[in-house]
Amino acid sequence: MKLALIGTHGVGKTTLAFELAARLKRRNFDVEIVREVARRCPLPINQRTTLLAQEWILLTQMALEIEATAAHELVLCDRSVLDNYCYLVHAAGPQPLWERVLEDWLPTYDLLVWVPNWSQPSYDGVRAVDPSFQRRIDILLGSMVAARGLKPLRLAPERRERWGDDIMGAILPSIEPTLPLFPSAGD
C-alpha cells in the first residue's frame with residue numbers, strides 16, 4: 001500500500017507521517033517514509049523555484065517512491081507528485097509532459113490524504129513563510145484535485161488531534177485481515 005499526504009507547506013504533513021509510521025510499526029507493519037525531497041533540492045525552491053528545480057523534485061520523488069515500494073509493504077509519502085507539481089505550475093505554468101506523467105503516476109497511490117491549510121507556516125530554515133504563497137498553493141492543489149476527479153481523504157481542521165485516528169480508520173480495513181467471528185473447526 002502506498003499512501004501520500006498532500007497539502008500546502010507548513011500544515012503538519014511531516015509530523016503526521018511520523019505519527020502514522022509509529023502507529024503502523026507498533027502493529028508490526030513494514031513501513032517506509034518517503035520524506036519531502038524539496039529540502040534536498042540543490043536548486044532554488046519556494047517562491048524562487050524554477051522549472052528545472054521542480055523537475056528535479058518530481059523525478060527524485062518518483063525514484064524514491066519506486067525504491068520504497070520495491071522494498072516495503074507499506075509506504076507513507078510526505079507529499080505526492082501532485083502537490084509537488086502544484087509548485088511547478090505556480091512557477092512555470094502547466095507542463096503537458098508532466099500532465100501526462102501525473103495521469104500515469106497518480107493511480108500508484110492507494111490513498112491520498114489531504115491535510116488542510118489550518119495555520120500559517122513557521123520558519124524552519126527552509127519553508128516559505130508567506131501566508132499568501134501558502135494559500136495560493138493550497139488553492140492550486142484544490143483545483144488540480146477537482147480537475148482530475150480525485151477523492152482524497154480530507155482531514156477536518158477541527159479534528160487535528162484525531163487526524164492519526166481518522167487515517168488509521170481509513171486504511172486498517174485494507175491492510176489488516178479480518179478474522180471470522182466463528183472460526184470453523186479446521187481453523
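**R79.** I looked up the burial of R79 first. R79 is buried at a relative accessible area of 2%; buried means under 20%, exposed over 50%, partly exposed in between, with a 1.4 Å probe and protein chains only. I then checked its backbone. R79 has a positive phi of about 115°, and it is not a glycine. Most residues other than glycine have a negative phi. R79 sits in the loop between β3 (74–78) and α3.

**Ground rules.** I am working on a predicted model, where local features need pLDDT of at least 70, side-chain atom pairs count only at pLDDT 80 or more, and totals for chains, interfaces and linings use all residues. Residues are numbered from 1 along each chain as its sequence is written, and side-chain values use heavy atoms, with hydrogens and water left out.

**N46.** I found a positive phi here too, about 60°, and N46 is not a glycine. Its place is the loop between β2 (31–34) and α2 (51–71).

**Aromatic pair.** I searched for ring pairs among Phe, Tyr and Trp (its six-membered ring), with centres within 6.5 Å; planes under 30 degrees apart count as stacked, over 60 as edge-to-face, the rest as tilted. The search gave 1 aromatic pair. The ring centres of Y87 and F133 lie 6.0 Å apart with planes at 70°, so I log the pair as edge-to-face. It joins distant parts of the chain: Y87 belongs to helix α3 (residues 81–92) and F133 to helix α5 (residues 131–147), 46 residues apart. I checked both for burial. Y87 is buried at 8% relative accessibility. F133 is buried at 1%.

**Fold.** I counted 6 helices and 5 strands in the protein chain, taken as DSSP runs (helices H or I, at least four residues; strands E, at least two) numbered from the N terminus. I read the order from the N terminus as β-α-β-α-β-α-α-β-α-β-α. The radius of gyration is 17 Å, close to the 16 Å of the globule rule for 187 residues, so the chain is as compact as a globular protein of that length. That radius is over C-alpha atoms, and the rule is 2.2 Å times the number of residues to the power 0.38. The C-alpha atoms fill a box of roughly 65 × 35 × 30 Å along the principal axes.

**Packing.** I noted that buried residues make up 46% of the 187. Of the contacts (heavy atoms within 4.5 Å) with a separation of 6 or more, 75% join residues 24 or more positions apart.
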